[in-house]
Amino acid sequence: MKVVSVMNTKGGVGKSTLASNLVGFVKQMGFEVAICDLDKQNTLTFWHKKSKLNLLELKIDDLNKIKKTKNIDYLFIDTPAAIKKNLIYKITEISNFCIIPFTESMIDIRTTKKFLGVLKKYKKNKKLKFFLVLNKLRFSKNNILRIKDIEDKLLNKVHVNILNTKNFDKEMEKGSIITKSNYSKTFHIRDQLINLINKI
Ligand SMILES: Nc1ncnc2c1ncn2[C@@H]1O[C@H](COP(=O)(O)OP(=O)(O)O)[C@@H](O)[C@H]1O
Ligand SMILES: [Mg+2]
């Protein structure tokens with residue numbers, strides 16, 4: 001089983017949106033998926049109930065025995081922004097992959113850079129791979145240059161970029177995922193999600 005956590009100490013960057021969409025997308029591909037919602041806001045849980053997917057839901061205490069969970073291909077863990085360091089430590093220990101969404105605002109870039117520092121310092125699991133997802137990207141001709149500038153500021157590569165669209169919100173409310181909507185930029189987002197899934 002692959003354990004994928006979605007984390008960032010910054011709120012509103014799209015952790016729960018991305019977690020839900022990845023869960024729905026991977027499930028649609030035919031994999032067995034379990035979820036763990038560590039955020040009291042329960043966004044992932046809400047989406048899951050609406051989706052009627054009936055996935056295995058794990059609690060924080062179950063995480064110690066997750067490796068023994070049979071027949072599950074992926075476990076996705078959604079986390080709160082106000083996450084304590086000991087929980088970051090615990091999650092990095094059990095995760096194979098950590099997805100870090102952020103936006104191009106200066107506040108997000110600064111917070112994310114700091115969070116990457118914490119991750120590197122605290123991760124005991126040396127094999128943990130992390131992926132930076134630049135979310136809510138405004139499309140423009142100079143996107144490539146803007147992303148390059150962000151990479152320079154973060155001293156890290158941006159692995160995936162996802163365009164800004166209200167359609168995420170609409171699909172989340174329905175318990176659906178963005179790639180099922182008729183939205184014109186869906187192809188770009190689908191490619192980016194596939195790109196991310198191929199890495200994990
Ligand atoms: N790519 C996107 N484009 C536009 N809005 C987005 C995008 N991703 C997330 N959002 C919106 O941003 C808000 C916060 O997202 P959420 O997933 O709850 O963030 P977090 O879990 O990091 O706090 C929600 O209203 C969500 O619909
Ligand atoms: Mg959330």
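A crossing of two helices is right-handed if the near helix is turned clockwise from the far one by less than a right angle. The legends below describe close-up views of a predicted model.

**Figure 1. Packing of helices H1 and H2.** H1 and H2 (residues 43–51) cross in the right-handed sense. Their axes lie 9 Å apart, at an angle of about 35°. From H1, the residues Ser16, Ala19, Ser20 and Gly24 take part, and they meet Thr43, Leu44, Trp47 and Ser51 of H2. Sorted by class, this contact has 3 nonpolar residues, 5 polar residues and no charged ones.

**Figure 2. Packing of helices H3 and H4.** Helix H3 (residues 85–94) and helix H4 (residues 106–122) cross at roughly 65°, and their axes come within 10 Å of each other. The crossing of H3 with H4 is right-handed. H3 contributes Lys85, Ile88, Tyr89 and Thr92 to the contact, while H4 contributes Val118, Leu119 and Tyr122. The classes here are 5 nonpolar, 1 polar and 1 charged.

**Figure 3. Lysine 85 in helix H3.** Lysine 85 is a residue of helix H3. Lysine 85 has 11 other C-beta atoms within 10 Å, and is therefore exposed, the limit for this class being 12 or fewer. Leaving aside residues up to four places away in sequence, lysine 85 touches Val118 and Tyr122. Valine 118 is 33 residues from lysine 85 along the chain, and the C-alpha atoms of the two are separated by 8.4 Å.

**Figure 4. Surroundings of ligand 1.** The shell around ligand 1 holds 17 residues, and the closest are Gly14, Lys15, Ser16, Thr17 and Asp169. At least two shell residues come from each of helix H1 (15–28), strand S6 (129–137) and helix H6 (167–174). The shell is made up of 5 nonpolar, 9 polar and 3 charged residues. Ser16 is among the closest residues to the ligand and also belongs to the H1 side of the contact with H2.

**Figure 5. The largest nonpolar core.** In soluble globular proteins, nonpolar side chains tend to be buried together. The largest nonpolar core of this model has 46 residues. Leu22, Leu75, Phe76, Ile77, Ile99, Ile100 and Val133 have the most contacts inside the core. H1 gives the most to this core, supplying 6 residues. Leucine 75 touches Met1, Val3, Val4, Ala34, Cys36, Leu58 and Ile66, with residues up to four places away in sequence left out.

**Figure 6. Serine 95 in the loop between H3 and S5.** Serine 95 sits in the loop that joins H3 to strand S5 (97–102). Serine 95 is buried, because 24 other C-beta atoms lie within 10 Å and 20 or more are required. With residues up to four places away in sequence left out, the contacts of serine 95 are Val3, Val4, Ser5 and Leu128. Isoleucine 197 is 102 residues from serine 95 along the chain, with 15 Å between their C-alpha atoms.

**Figure 7. Aspartate 73 in the loop between S3 and S4.** The loop between strand S3 (56–57) and strand S4 (74–78) contains aspartate 73. Aspartate 73 has 14 C-beta neighbours inside 10 Å and so counts as partly exposed. Not counting residues up to four places away in sequence, aspartate 73 touches Met1, Lys2, Phe31, Glu32 and Val33. Lysine 40 is 33 residues from aspartate 73 in sequence, and the two are 25 Å apart in space, C-alpha to C-alpha.

Figure 8. Asparagine 42 is not a glycine, yet has a positive phi of about 55°. Asparagine 42 lies in the loop between strand S2 (33–37) and H2. Asparagine 42 is partly exposed, with 14 other C-beta atoms within 10 Å. Leucine 155, also not a glycine, has a positive phi of about 55°. The loop that holds leucine 155 runs between helix H5 (143–154) and strand S7 (160–163). Leucine 155 is exposed, because 8 other C-beta atoms lie within 10 Å and the limit is 12 or fewer.

Key: Residues numbered from 1 in each chain as written. Chains lettered and ligands numbered in written order. Predicted model: local features only at pLDDT ≥ 70, side-chain atom pairs only at ≥ 80, totals over all residues. Near = placed C-beta within 6 Å. Helix = DSSP H or I, 4+ residues; strand = E, 2+ residues; numbered from the N terminus. Nonpolar A, V, L, I, M, F, W, Y, C, P; charged D, E, K, R; others polar. Core = buried A, V, L, I, M, F, W, Y, C linked by C-beta atoms within 7 Å. Contact = placed C-beta atoms within 7 Å. Axes fitted to C-alpha atoms, helices over the stretch in contact; angles between N-to-C directions.
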